[in-house]
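Reader: I have a model open and would like to learn how to read it. Could you walk me through it, one feature at a time?

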Amino acid sequence: RYDLLQKVLFQLEEAEGGFDQFTRSYWSFGVQRLPDNSLFFKEWAPAAEALFLTGDFNGWDKFSHPYSKRDFGKWELTLPPKHDMSPAVDHNSKLKVVVHTKQGERLYRISPWAKYVNREEKSIIYDWVHWDPPHPYVQIHPRPQKPSSLRIYEAHVGIASPEGKIASYTNFTTNVLPRIKDLGYNCIQLMAIMEHAYYASFGYQVTSFFAASSRYGTPDELKQLIDVAHSMGIIVLLDVVHSHASKNTEDGLNFFDGSDSCFFHSPPRGEHTLWDSRLFNYSSWEVLRFLLSNLRWWMEEYRFDGFRFDGVTSMLYHHHGIGVGFSGDYSEYFGLPRQVDSDLLFYSTLAQNCHCESTLLPTTELCSRQVSGTLPTIVALRSGQTVLIFRVAFASERFWLWILKEFKDEDWDMGNIVYTLTNRRYGEKCIAYAESHDQALVGDKSLAFWLMDKEMYTNMSSLIPMTPIIDRGMQLHKMIRLLTHGLGGEGYLNFMGNEFGHPEWLDFPRKGNDQSYHYARRQFNLVDEDHLRYRQLYFFDRDMNRTEDKYGWLAAPAAFVSAKHEEDKVIVFDRADVLFVFNFHPTKSFQDYRVAVEAPGKYRIKLDSDDVQYGGHGRLDHHTDFFTEPKPFNGRANSMQVYIPCRTAIVLANEEIDY
């Protein structure tokens, strides 16, 4: 693989002027305004017989502006400026590529490199809109420094409002970014930004890879969102879908040049049967150009700070993970070349190094969501740059839902919980999460909904007595999230709204629900009501992140688990010189429970899930000092006695250590 990489890098140097030039092909493909205001158009359509440009600028004449054919399936066209020396195509005017096939068909297509596409209100098909504003938004805030601990807020712009409509970039900037900052998250993972014609696909059926979704607003408004996030010290990741593409033809990549391949493998290899989508041909020189340039585009044009790659399991294997179980053994990755797509491994290495080439970034964050337990290998092409790769720990969220669905509280297995949250390879960074967007979708339930169900609609007011179901649900909601946060990985992720126990699932407007937006929204207004208990869950999530920010356990080495007591339902571990104590027992409290601790000294409670402000019962005195004794216990040099009420989690820090 390494030899192949070196060979291709040599070819890139010879044929394209180097890796850097190759991955900035968005400077030459699509449409470019030249210094004299001429417009240069360039496309790759190897199977086409002829290409023409049509649009508002020529009264939609289908034949007046032909492209000239070049080598290797390239087509070029130059439009001189108007008499007043302004560009021949006005900003915000519509365009189409007219493709004539060898079979005599005439096809109307959007450029794969289109930077903006839009759709009329009653139209189904998206239009290519020429985006060249006279005064584009200029981002002024520098990129934040890479945070030592990664706390990710997974967000979808369109549903980021209590109103039943598609919310905007501007709404997110004005109303949601301040909440994220207040909550203590230092990273936003934006979903469904790459344009997708079908809103209900959650952004995973991309049609235009270089276009920021117009349903939320303009490219400049997205740039402003990222700029304001940077001003708050928050880095922004883009949810990238390079694993597959929409089957749409007139406003997608499919059959762009009239052939069933072009950007994709020919069927059946080029079709994903479960997702009903097309699969890229990663061995193609032009596909590599397109996808690698796509990553550079989002980093340099919009100033995203990194990526979360979706569907990596499907990309890695020829079987796409369909009907296959994974043990996580490396033999499944390295030992079965007929199952592993070697072309993808090559693309993955180039994609990861694509960020190293950017002089803008000292560090790039990459997150990979896949379930096979493997992580693509990286080969650094240049020194002085760092690519940080995290694997999203998919097992943790599934595990929590499995426990809630299948077991009574008294039957929870502490050892199994600890094993699942700590089961990762040494040195392999993971993003832990108790739930993500998957659990918000219709057909499933969020953690809060599994715990409290219909009582969330009637009994979440603090003006009425807390019912047993709400009490149990709120306490376990906090404990599950804190345990995952402290034990589960080197980063933490939360999906928007779950921090306060959002009471409803997520269902995008579609034919099956009469195009309703009722569930395609996040009810942030619930947090603003002083008498609702959602606010108490919000406060706990905020203080959990702020406590981590002070003590830095996510950036610390893996935790040392000193207790996982099955009968007591107690878990104890220390990480970053901070002690975590969990009592999952539904009824038993422990007055003087001995816990192991490494560093001697005086400890005090820094976070308490039983605090009244978090919807707890206030059974602990936060001013109590706990002194260690030089009594070795459960593998640690010291120990001390603490009081832990039932269904309570506490975080204690050593007052004698300068954090």
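Reader: Which share of the contacts in the protein with a separation of 6 or more comes from residues 24 or more positions apart?

Author: A contact means heavy atoms within 4.5 Å. In this protein, 72% of the contacts with a separation of 6 or more join residues 24 or more positions apart. Before we go on, a word on the source: this is a predicted model, where local features need pLDDT of at least 70, side-chain atom pairs count only at pLDDT 80 or more, and totals for chains, interfaces and linings use all residues. Residues are numbered from 1 along each chain as its sequence is written, and side-chain values use heavy atoms, with hydrogens and water left out.

Reader: Thanks! How do I read the radius of gyration of the protein?

Author: Take it over C-alpha atoms and compare it with the globule rule, 2.2 Å times the number of residues to the power 0.38. For 659 residues a compact globule would come near 26 Å, and the protein's 27 Å agrees with that. Along the principal axes, the C-alpha atoms fill a box of roughly 85 × 55 × 45 Å.

Reader: What percentage of the residues is buried?

Author: Buried means under 20% relative accessible area, exposed over 50%, and partly exposed in between (1.4 Å probe, protein chains only). Here, buried residues are 62% of the 659.

Reader: Where is Ile125, and which residues does Ile125 touch?

Author: Strands are DSSP runs of E with at least two residues, numbered from the N terminus. Ile125 sits in the loop between strand S8 (117–118) and strand S9 (127–129). Its relative accessibility is 28%, so Ile125 counts as partly exposed. Not counting residues up to four places away in sequence, Ile125 touches Lys96, Arg119, Glu250 and Asp251. Thr249 is 124 residues from Ile125 in sequence, yet their C-alpha atoms are 9.8 Å apart.

Reader: And His130: buried or exposed?

Author: His130 is buried, with a relative accessible area of 5%. This histidine lies in the loop between S9 and strand S10 (150–156). Leaving aside neighbours within four places in sequence, its contacts include Val31, Leu39, Asp90 and His91.

Notes
Helices (H or I, at least four residues) and strands (E, at least two) are DSSP runs, numbered from the N terminus.
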